[in-house]
Amino acid sequence: FPVTIPGCGNRPPCGWIALDYARSVYDRAGQRIWTIPMIPGLVEERTHIRDIKFTKDNTITFLTIPIPFEIDLEGNVLWKAPFPFLFELDTVIYHHEFQKTERGTYLVLGDRKVWRRVPGAFAPEDLQTEFDVKIVNGEVYKKVLMAVVLEFNKEGKLIWYWDANKYVKDEDLNFKKTKRGFPNLATHANALSESADGKKIFVGFRDLSRLVGIVTG
C-alpha cells in the first residue's frame, strides 16, 4: 500500500475512508492513497462506482452498474459476479451492497421484478398513469422491485439466497399511498450486512422502515 498507518501497518481498514464517486480511498488527513484504475471494457471514465471495500485479503470489492467485481490494487480482475444472472426466471439487478465474506464467498444485494396484488377497487383512470399494471380475474397486479440476497462461491455458482418476495406481505406493500391514493408498492432494500460469526444476514428496507435478520446457519 502507498502508506503505513501507525499501529496497524499496511493492512486496511485502519480508519481509511472510501468515497464511491471519487473512486478513491483517503486517509484521515484527507490525502488520497489509492484510486480504482481504468479497466478497459469494465471501468471507464463514466462508469458508476459504488460500495468500495477493502477485503482481509488486501483486495478491493466494488459494484459497477451493473456488475460486482473484486480486483487487486493494480486493477487485475480476480472475480466478478455472473452477468446477466437469472433468479426464478427474472433478471437480477445488482445494487447498493457487495462484500467478500470470511469464508471467501461473495454476498450481493439484488432486485428482481415480480407481480404483486394491489387490493381494492380502482377506476380505469386510476390505472392509466401506473406502469406495469395488469388485471387478472378482476384483481389488479403491479410489477414491484423485490430484493434478493445472493451468495456466490469463487466459481460464480449460487450457493445460498434469500428472497424477500416470500417475506414481504401485501399489507407491507400497500401501506403507503401516492397522492392519487394508489398504493406505492416499494420496499427499496438498500443495506446488507453479515454477523461476525457468519450465521445471520441483516437487510435494511428503506421504504418499509425495517431491518430484517435472517438466520443462515
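A: Asp207 forms a salt bridge with Arg206, and the closest N and O atoms are 2.9 Å apart. A salt bridge here is a side-chain nitrogen of Lys or Arg within 4 Å of a carboxyl oxygen of Asp or Glu. Asp207 is buried, at a relative accessible area of 15%, while Arg206 is partly exposed at 48%. Buried stands for under 20% relative accessible area, exposed for over 50%, and partly exposed for values in between (1.4 Å probe, protein chains only). Elsewhere, salt bridges with shared partners link Lys56, Asp57, Glu70 and Lys100 into one network.

This is a predicted model, in which local features need pLDDT of at least 70 and side-chain atom pairs count only at pLDDT 80 or more, whereas totals for chains, interfaces and linings use all residues. Residues are numbered from 1 along each chain as its sequence is written, and side-chain values use heavy atoms, with hydrogens and water left out.

In the whole structure, a search finds 16 salt bridges. One of them joins the side chains of Asp51 and Lys53, at 2.5 Å from N to O; Asp51 is buried at 12% relative accessibility, and Lys53 is partly exposed at 24%. Another joins Asp90 and Arg112, at 2.6 Å from N to O. Asp90 sits in strand β9 (residues 90–91) and Arg112 in strand β11, so this pair ties together parts that are 22 residues apart in sequence. Arg112 is buried, with 6% relative accessible area. Helices (H or I, at least four residues) and strands (E, at least two) are DSSP runs, numbered from the N terminus.

Now the sheet. Three strands make an open sheet in the order β15-β16-β17, with antiparallel pairing. Its edge strands are β15 and β17, each of which pairs on one side only. From one strand to the next the twist averages 20°; axes are lines fitted to C-alpha atoms (for helices, over the stretch in contact), and angles run from 0 to 180 degrees between N-to-C directions. Strands count as paired if DSSP finds at least two bridges between them, and β16 and β17 have six, in the antiparallel sense. The bridge partner of Lys200 in β17 is Val215.

Asn184 lies in the loop between α2 (170–173) and β15. Asn184 is partly exposed, at 36% relative accessibility. Leaving aside neighbours within four places in sequence, Asn184 is in contact with Leu173, Lys176, Lys177 and Thr178. Between Asn184 and Val212 there are 21 Å in space, C-alpha to C-alpha, and the two are 28 residues apart in sequence.

Conventions:
Contact means heavy atoms within 4.5 Å.
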